[in-house]
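Morning, everyone. Please bring up the sequence and the 3D view, and keep both open while I talk.

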Amino acid sequence: MECQECHQRPATLHYTQVINGHKTEVQICEVCAKEKGYMTYPEEGYSLHNLLTGLFNFESNPMGASHGTTFNKENDLQCPKCGLTFTEFKQIGKFGCGECYHTFASNLNPIFRRVHSGNTEHRGKIPKRIGGNLHLKKQLSSLKDELQNLIMNEEFEQAAVVRDKIKEIEQQIDQKEKGDAR
Amino acid sequence: MTLEHFMNEAISPWMREEGPDNDIVLSSRIRLARNFADMPFPIIADQKDLEKIREFFQIEYEHTSFQDYKDLEFVSIRDLTAIEKSVLVEKHLISPLLAKKEGAAATLISENEQVSIMINEEDHIRIQLYFPGLQLTKALTKALELDDWLEEKVSYAFDETRGFLTSCPTNVGTGMRASVMMHLPALAMTKQINRMMPAINQLGLVVRGIYGEGSEALGNLFQISNQITLGKTEEHIIEDLESVVQQLIGHERKARNRILEQSGIELEDRIYRSLGVLEYSRIIESKEAARCLSNVRLGIDLGIIKNVSRNILNELMVLTQPGFLQYFAKKTLTANERDILRASLIRERLQFEK
């Protein structure tokens, strides 16, 4: 079906207007819809971040719309490093700097849970250089879990192997920390 | 090497190599989003800060090499004409967002065009790496090595609990978007793909058209990628994506065979008609060209059309985009002029195969 406005592009949007009980249907393409004011979208259409912004607003308004209007400047969180406020963050759907993650920390878990299927903590790569001991610490905690499991299942031989590994890693961490202190 | 090198060929050198399952999977891509720890993100940063980052990359990495990715060419977006920008976008060497940026946006592109490091896009650094066919694991390994190489000199914004910090909350954690470009004509013909999409979405994956977010599936090319970046390891994300891609490959092959068995002559007719259109038309719109190219490529994959190379789809899909056509013509063209030039380039290219 072609757009009834420009007769050039295919109609991708279908509107049903009801004015004074009179129903009209409009078959129109996106370009014409924007021109004729059928759509009040921002530039790039309904992007993921509009969707996010919607989520954020919902987050700050658990008591309904009236709560939003009382949300004034004084109790708005502001990032000390880049100056972005939490209200601005909700509007643009983007962080201003790494510090924002700490500044807004208390409000972020519900957002991350929605965007990342319930997840709030990183499990992936740790940067080689600045990650420092993190690799070892993560490895250590997973080995400790493993050790607990092995002991519960009475697999003592395997447990001894894991215990030795734990000792080894603990020593490595010790050495690294001493090295850093120097 | 100069910028022209990237412009003159529609097909990147790495695309000429054979990859696994390349009758269906055109390419695998890994993208990593990274930021400097001590700088505001591009959305809010001062022009001065962004300029510093741009200069840092130019000084440290221009014409350097990492493993197979040789002689990184440093390209400042502000030095490009509008047409040159579209060519780089059409070749997937830069993102549409980077092309729109003024000021300190730049990119480093390796000689074989497999690697592109975008600077001051939505994040300070976007590492992008392509492999032909289905090679996600290999692409990930290489991308992470490249990441380590950059990290030797760049202190990343990284947090113990949140991982790599990115401007958009949808990228935090691994900062990784893995995607696979698939040619799924049989699933599209039988409309099965529409039924599969909701299921794919439920697995935390997204299906998009060839030029990313919001673009349509021109030429039955679909890009499948992960949506979730937090709470899973990179390897795990890739495993999930790969298993869905494998299933799609299986379904597509089955659908191809079924169509071939049940309506072989109709399929053959459709494929040859498309070849006819491409070989003889004088005016062709990009959509029609994409549709015909997809059919011809299917014909090649099924052994119906011989002596035309597989790369014809990838190559002509890019070559017939508006930016490329205008680069070729060395001037801006009206829609009609583009359709005429497109038809003539396609004819020429197919003639060349004979």
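Let's start with a definition: a charge sits over a ring if NZ of Lys or CZ of Arg is within 6 Å of the ring centre and within 35 degrees of the ring normal. Now find B:Lys153, which lies over the face of B:Tyr61 at 5.4 Å from the ring centre. There is another case at B:Tyr327, where the charged end of B:Lys330 sits over the ring, 4.8 Å from the centre.

Some ground rules. This is a predicted model, where local features need pLDDT of at least 70 and side-chain atom pairs count only at pLDDT 80 or more, while totals for chains, interfaces and linings use all residues. Residues are numbered from 1 along each chain as its sequence is written, chains are lettered from A and ligands numbered from 1 in the order in which they are written, and side-chain values use heavy atoms, with hydrogens and water left out.

Chain A next. What does chain A contain in helices and strands? It has eight helices and two strands. Helices (H or I, at least four residues) and strands (E, at least two) are DSSP runs, numbered from the N terminus. The order along the sequence is β-β-α-α-α-α-α-α-α-α. Chain A has 182 residues, and 32% of them are buried. Buried means under 20% relative accessible area, exposed means over 50%, and partly exposed is in between (1.4 Å probe, protein chains only). Contact means heavy atoms within 4.5 Å. Take the contacts in chain A between residues at least 6 apart in sequence: 30% of these join residues at least 24 apart.

On to the rings. A pair of aromatic rings is described by the distance of the centres and the angle of the planes. Here, rings of Phe, Tyr and Trp (its six-membered ring) pair if their centres lie within 6.5 Å; planes under 30 degrees apart count as stacked, over 60 as edge-to-face and the rest as tilted. How many aromatic pairs are there over all chains? The search finds 16. Why is the pair B:Phe66 and B:Trp149 called stacked? Because the centres are 5.0 Å apart and the planes are at 25°. This pair links distant parts of chain B: B:Phe66 is in the loop between α2 (47–61) and β2 (73–76), B:Trp149 is in helix α5 (residues 136–151), and they are 83 residues apart. B:Phe66 is buried, at 12% relative accessibility. B:Trp149 is buried too, at 16%.

Is B:Asp68 buried or exposed? Exposed, with a relative accessible area of 54%.

Back to chain A for a cluster. A:Phe86, A:Phe89, A:Phe95, A:Tyr101, A:Phe104 and A:Phe112 form one aromatic cluster.

Now, where the chains meet. The contact takes 45 residues from chain B and 40 residues from chain A. The buried area is about 3400 Å², with 60% from carbon and sulfur atoms. That area is the accessible area (1.4 Å probe) that two parts lose on being put together, summed over both. Three residues, B:Glu151, B:Arg162 and B:Pro169, supply 19% of what chain B buries against chain A, more than any other three residues.

Last topic: charges. A salt bridge is a side-chain nitrogen of Lys or Arg within 4 Å of a carboxyl oxygen of Asp or Glu. The whole structure has 27 salt bridges over all chains. Between chain B and chain A the count is four. One salt bridge joins A:Lys125 and B:Asp147, with the closest N and O atoms 2.7 Å apart. A:Lys94 and B:Glu122 also meet in a salt bridge, at 3.7 Å, N to O. This pair crosses between chains, from the loop between α4 (86–92) and α5 (100–103) of chain A to the loop between β4 (115–119) and β5 (125–132) of chain B. Both A:Lys94 and B:Glu122 are buried.

Within chain B, B:Arg126 and B:Asp123 form a salt bridge at 2.9 Å, N to O. Both B:Arg126 and B:Asp123 are buried. Shared partners join A:Lys94, B:Glu121, B:Glu122, B:Asp123 and B:Arg126 into one salt-bridge network.

One more pair. B:Glu113 and B:Lys91 meet in a salt bridge at 3.0 Å, N to O. B:Glu113 is buried at 2% relative accessible area, and B:Lys91 is buried at 4%.
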